[in-house]
Amino acid sequence: MAAPGENLRINGDRLWDSLMEMARIGPGVAGGNNRQTLTDADAEGRALFLSWCEAAGCTMGLDSLGNMFARREGTDPEALPVYVGSHLDTQPTGGKYDGVLGVLGGLEVIRTLNDLGIRTKHPIVVTNWTNEEGTRFAPAMLASGVFAGVHEQDWAEDRRDAEGKRFGDELDRIGWRGEEPVGARKMRAFFELHIEQGPILEAQGKDIGVVTHGQGLSWTQVTITGKESHTGSTPMPMRRNAGLGMARVLEKVEEIALSHAPHAVGAAGHIEVFPNSRNVIPGKAVFTVDFRSPDLAVIQDMETRLKAAATEICEAMGLEVAFEKAGGFDPVEFDETCVEAVRNAAERLGYSHMNIVSGAGHDACWINRVAPTAMVMCPCVGGLSHNEAEEISRDWAAAGTDVLMHAVVETAEIVD
């Protein structure tokens, strides 16, 4: 495959303007975004993306889980398309770039090719995957998981949010359900651009992360049950304090993750204590332990040790404990050819780069099961993400999208 010339670059100002315009939809309270999946704001963001894609000459496909596919035709209608994209939904207190950069970066690739009159043999398709974040409807990467055959569609549509609203019903309500069967599309390759969501690239002074692997993830929901009682009148030896049991288990989570340093991590981000009243000893605590590692055996060890430690702690305190697997996926090794295309693009364009393991889950982790896949990462300030203060620079965004374009165009094959 012929490589594109090093002078092929995207329009960084246009990309940045698009990011800022999308950020006006579903604004957060502190400068970021709250554009959670299947909300009115999500629908508005989708409509804006659709209008941009149509203006760029793309046709839009829509499957029955709301995944969006903007297609730029190739010269060979029978050639398998090269896919590129990420997600437009955000956390409740999300930043302006997580996911969005990958979608709008893909759109900018198409706009740039249009500007320069460059044609490719293979079609190029920009994708917006539904419910990547998993914050409203768990688990994360839900629709790409159905596409890759990881989840059943009926199960996915029956996921419910904190208010009991059903995923399928909310998809219908906002009007973004298509007729195309989920997973029917075949791909030549899939590329995803994303901010790192960690501090490594910035600390190392690198422009580009060439993502070789994705960490595996395990979410275990732990429910500890004790007995609600008055904080002032219940003697200390007679308490069955679910909150205290949770605290002791979380100390073990820290200990278990540290035992597999430096690549394993663990914490509980979702925590609920009941009845959550100032003068009532908690009778129940529900929390989700998030373990991650690029080594499947390490993840399995951490899961096993969590259950053993929590059971021992709770039995000693007169508490009951139950475990439920709330989500997860095995570690990912991305396609060698696609990874090499990313690395070659960074070198050809003169951007400093390094191999990196993604610490977060991404749609690419599921799509890797059904198509050759790779990821491009750019730095983010302080490694901060899933926070309204999330920030990147124009130069980082442009560099990442330049590399994305070169990898995509090389794979899609320029036609002279």
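**Entry 1**

The model is a predicted one, in which local features need pLDDT of at least 70 and side-chain atom pairs count only at pLDDT 80 or more, while totals for chains, interfaces and linings use all residues. Residues are numbered from 1 along each chain as its sequence is written, and side-chain values use heavy atoms, with hydrogens and water left out.

I noted that phi of E413 is near 70°, a positive value in a residue other than glycine. E413 also forms a salt bridge with R188, with 3.1 Å between the closest N and O atoms. For a salt bridge I take a side-chain nitrogen of Lys or Arg within 4 Å of a carboxyl oxygen of Asp or Glu. R188 lies in the loop between helix 6 (167–174) and strand 6, and E413 in the loop between helix 12 (394–412) and strand 17 (414–415), so the pair ties together parts that are 225 residues apart in sequence. Helices (H or I, at least four residues) and strands (E, at least two) are DSSP runs, numbered from the N terminus. R188 is partly exposed, with a relative accessible area of 28%.

**Entry 2: other salt bridges**

How many salt bridges does the structure hold? I read off 24.

I checked R177 and D172, which form one with the closest N and O atoms 2.6 Å apart. R177 is partly exposed at 28% relative accessibility, and D172 is partly exposed at 44%.

I then checked R305 and D301, whose side chains meet in a salt bridge at 3.1 Å, N to O. The two are four residues apart in helix 9 (residues 296–317), which puts about one helical turn between R305 and D301. Relative accessibility is 29% for R305, which is partly exposed, and 27% for D301, also partly exposed.

**Entry 3: strand 16**

Is strand 16 enclosed or open? I found six of the six residues of strand 16 (residues 373–378) buried, so the strand is largely enclosed by the rest of the structure. T373, M375 and M377 point one way from the strand, A374, V376 and C378 point the other way, and all are buried. In a regular strand the side chains alternate between the two faces of the sheet.

I looked up the strands beside strand 16, where pairing requires at least two DSSP bridges between two strands. Strand 6 (residues 189–195) pairs with strand 16 in the parallel sense over six bridges, and I195 stands opposite C378. Strand 7 (residues 208–214) pairs with strand 16 in the antiparallel sense over three bridges, with V210 opposite V376.

**Entry 4: second largest pocket**

I looked up the second largest pocket, which holds about 240 Å³ of space. On a 1 Å grid over the protein atoms alone, a pocket is an open set of points where a 1.4 Å probe fits, with protein on both sides within 12 Å along at least five of seven lines; lining residues have an atom within 4 Å of a point. Grid points are joined across faces, edges and corners, and the volume is the space filled by probe spheres set on the points.

Which of the 20 lining residues are the closest to the pocket centre? I listed L217, K325, G327, G328 and F329. Strand 8 (216–225), helix 9 and strand 13 (320–329) each supply at least two lining residues, and the largest share, five residues, comes from strand 13. Domain 1 (12–214 + 332–412) and domain 2 (216–329) each give at least three residues to the lining; these bounds come from an automatic or database domain assignment.

**Entry 5: backbone**

I looked up cis peptide bonds. One joins A138 and P139, with omega about 5°; P139 lies in the loop between strand 5 (124–128) and helix 4 (142–147). Another joins A261 and P262, with omega about 5°; P262 sits in the loop between helix 8 (242–258) and strand 10 (265–274).

I also noted Q197, which has a positive phi of about 65° although it is not a glycine. Q197 lies in the loop between strand 6 and helix 7 (200–204) and is buried, with a relative accessible area of 19%.

Methods: Buried means under 20% relative accessible area, exposed over 50%, partly exposed in between (1.4 Å probe, protein chains only).
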